[in-house]
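Visitor: Can you walk me through this one? I'd like to go strand by strand, then on to the ligand.

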Amino acid sequence: MAAVTPLLSTRGLSRSFGGLRAVDEVDFDLPAGEIRAIIGPNGAGKTTFVGLICGRLAPSAGRVVFDGRDITGMPAHRRVRAGIAYTFQITSVFARLSAFDNVALSVQRRLLDAGAGRPGRARLEAGVDRALARVGLAGHAATLAGNLSYGHQRLLEVAMGLALEPRLLILDEPTQGLSDGEIAAFIALVREIAEDATVLLIEHNMHVVMELAGRITVMESGRILAEGEPAAIRADPAVQQAYLGG
Amino acid sequence: MRTDGLARIVALHLGLVLLLLALNWLLPEYHRGVFSRILVLAVFAMGYNVMFGYTGLLSLGHAMFFAAGLYGAGLTVYHLGWPAPAGFAAGLAAGLALALAVGVLALRTTGVAFMIVTLMFAQVIYLLTLYFTTYTRGEEGLVLAPEDRFIALPGAVLDPTDPSTRYLLALALFAAALAATVAIVRAPFGRTLVAIRENEERMRMLGYDVFANKLAAVAVSGVLCAAAGAAYALLFGYVGAGFASIQYSILPLLWVLLGGAATTLGPIVGTLAMFYVVDVTSGYTSAYLLVVGLALILLILYFPRGLVGTLRERWLPWLP
Ligand SMILES: Nc1ncnc2c1ncn2[C@@H]1O[C@H](COP(=O)(O)OP(=O)(O)OP(=O)(O)O)[C@@H](O)[C@H]1O
Ligand SMILES: [Mg+2]
C-alpha cells in the first residue's frame, strides 16, 4: 500500500501558536482510496494538522504535497477546487439560508468549475437533492439551517462537503452529536463516499473508527505517536497509555 | 429558495417601472421634479445596497463613488467640451477605477477598520475636489450649460432641461439599475455575495475566492453610484463639492436602512420615504431634522429590516 504514490503527503509539517507546537514536524502519507482515521486526545493537534492540509492555517514550517503537487503556498479556496474538501469540527453552516441553499453553494461551485457556464437550475437542483438524500436530509431541504437539530446540522455540513465531489474529504469529528441510528447510517455513507474519494476522518468515537478505518494515525502533542491497522493500534501499549485509557 | 417565482418578480419590478412611467403624466410639476431627483439618488442607494445589504460591507465613504461619477462627467463636459454621453461614460470609468483602487486597499480590513478606511478615502476625494478649486470651483461648484447637456441621438436631440425628458431619462437609468440589481441578486454571483456576508470562512472552504468576489461587489457598487453621480451632473447641471462630503456618505446608508437592506426595492422606497418625510416635516417646524432623526431611531428599533425588509419577513418571502 505504501509503495504507490500517495494522494497526500506532508513533510516536516509544523505549526506553532506562540510557544506551543500544536503540530510538530509531521511526516504523513495518505494513499488514494483509503479511509484513514486520525485519533488522539483533546488538544493533540488533529484539527490544526488538517487545517494546514486544507489551507485554513499557514504552516510555520514544512510542506504539503497533494497529488504530486506542492500546495504549501496555495490559498485555501484553490485547494478546495483542486479537490480537498473540509467539514468543520465546529458546525459552520449558513444558518439563515435553507438547507437547500447551503448545499446549492457547493453544487454551484462545482458546476461553475466544470466550465459549463451559468449552472442551470435543473442540474443545480438535481445535485442538491442527491447530496441531501445521501446524508438523509431529503425531507429538510426547505428548513433554515439554523433551525435544524444539531445532529442534522452536522449532516448538512457533510452534505456540503460531498456535494463538492472532492478527491480528498476531510471530516473533523462528524459524528459528534449524532444519535446511534444516525451514526449507523453515517458509517454506511462514508463507505459509499470512499468508493470514489479518499477520506481523512478525525473521530473520537472508537466504534466508528474501528468500523471504517483502513489505517489509523494516532496523534499526541502535535506528533504522530503511532500508525497502523486498527487491530495493531488497539494492541499498541503506547497508544493505550496515551489515548485509549489503558 | 427552490420556488423560483421569476414571473412574479419580473411582474412586480416591471409594474413599478410602468407605474413610474405613468407618473410622468400624472404628477404635478413640483413632484415630478422631486421624483426625477429621487430616481437618480435611488440608483445611488441601489449601488450602496449591493455592498452593504447583499455583501455585508459597511462603507462610510460612498460619496466618493457618487462624486467620481459627478466629476467624471462634469469636468469632461465642462472643461473638455465632451458630449454628454461621453461625459457619462467618463463618469462610469472614474467610478470603476476608484472602486477597484479603494477595494484592493480597503478589503484588506474588515469591520470597523473597513468603515474607517472607506471614510478616510472619501475624505481624501472630498479634499481633492476642494484642492483643485481652479477646476472644480469647490463648494460653489460648476454649472453646466444647458446645450452642453443635450444628448444627440440619430434623428433626435434629448434636452435634459425639459422636465419631462429629464424625468424619463432618470427613469431609464433607474430601470436599468433595477434590472441590473435583480439580475445580479438572482445570479450565482449574487448568491455568492449573500453567502459571504453570512459566513465568509465557510465560503472560502467551499472553494470561493472571497476577496475577488468582494472586489467585484465593490466594483459593481462603485459603478452604480458613479452612474447616479454622472446622471445627476448631466440632468441637473450642477457639480459641487457638497456631493463629496460626509453627508452624502451617510445618506445612502440611511435610505437603504429605511427601505430595507438586501432588498431590490428597499433603496427606492427608502429614498422616496426619507425625502418626503423631510419635505413634509420641514413645512411644519424648523427643527425638522430632529423629527427625522427620531423617526429613524424608532424605525431602526421597531423595524430593523426596514420597510421592504419587514414586508418580506412578514408577508412576502419571495421578494428578492
Ligand atoms: N488559533 C489558535 N491559537 C492558539 N492556540 C491554538 C489555536 N488553535 C489550536 N490551538 C492549540 O493547539 C493545540 C492543538 O489544538 P487542536 O484544535 O488542533 O487539537 P485537536 O486535536 O483537534 O483537539 P480536539 O480533539 O479537542 O478537537 C491545543 O493546545 C490548542 O489549544
Ligand atoms: Mg479538533
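Guide: Start with β3(A), which pairs with strand β9 (residues 215-220) of chain A in the parallel sense over four bridges. Strands pair if DSSP finds at least two bridges between them. Strands here are DSSP runs (E, at least two residues) and helices are runs of H or I (at least four), numbered from the N terminus.

Visitor: Before more of that, what are the ground rules?

Guide: This is a predicted model: local features need pLDDT of at least 70, side-chain atom pairs count only at pLDDT 80 or more, and totals for chains, interfaces and linings use all residues. Residues are numbered from 1 along each chain as its sequence is written, chains are lettered from A and ligands numbered from 1 in the order in which they are written, and side-chain values use heavy atoms, with hydrogens and water left out.

Visitor: Fine. Which residue stands opposite Ile39(A) in β9(A)?

Guide: Val218(A) does. Val218(A) also stands opposite Ala226(A) in β10(A).

Visitor: How do β9(A) and β10(A) run?

Guide: Antiparallel, with five bridges joining β9(A) to β10 (residues 223-228) of chain A. They form a hairpin with two residues between them. In the turn, Ser221(A) has a positive phi of about 45 degrees.

Visitor: Back to β3(A). What about β3(A) and β8(A)?

Guide: β3 (residues 35-39) of chain A pairs with β8(A) too, parallel, over four bridges. There Ile38(A) stands opposite Ile202(A).

Visitor: And how many bridges join β7(A) to β8(A)?

Guide: Five, and strand β7 (residues 168-172) of chain A runs parallel to β8(A). Asp172(A) stands opposite Ile202(A). Together with helix α6 (residues 180-193) of chain A, β7(A) and β8(A) make a right-handed β-α-β unit. Right-handed means that, with the strands pointing away from the viewer, the path from the first strand over the helix to the second runs clockwise.

Visitor: Why is β8(A) called largely enclosed?

Guide: Five of the five residues of β8 (residues 198-202) of chain A are buried, so the rest of the structure largely encloses β8(A). Buried means under 20% relative accessible area, exposed over 50%, partly exposed in between (1.4 Å probe, protein chains only).

Visitor: Which way do the side chains go?

Guide: Thr198(A), Leu200(A) and Ile202(A) point one way from β8(A). Val199(A) and Leu201(A) point the other way, and all are buried.

Visitor: Ligand time. Which residues are closest to ligand 1?

Guide: Asn42(A), Lys46(A), Thr47(A), Thr48(A) and Gln89(A), out of 14 residues that surround ligand 1. A residue counts as near if one of its heavy atoms lies within 4 Å.

Visitor: Which elements supply the shell?

Guide: β2 (20-30) and α1 (46-54) of chain A each supply at least two residues. The largest share, three residues, comes from α1(A).

Visitor: How much of ligand 1 does the protein bury?

Guide: The protein buries 61% of the 640 Å² that ligand 1 exposes when taken alone. Those areas come from the Shrake-Rupley method with a 1.4 Å probe; for residues, only the protein chains shown count as cover.
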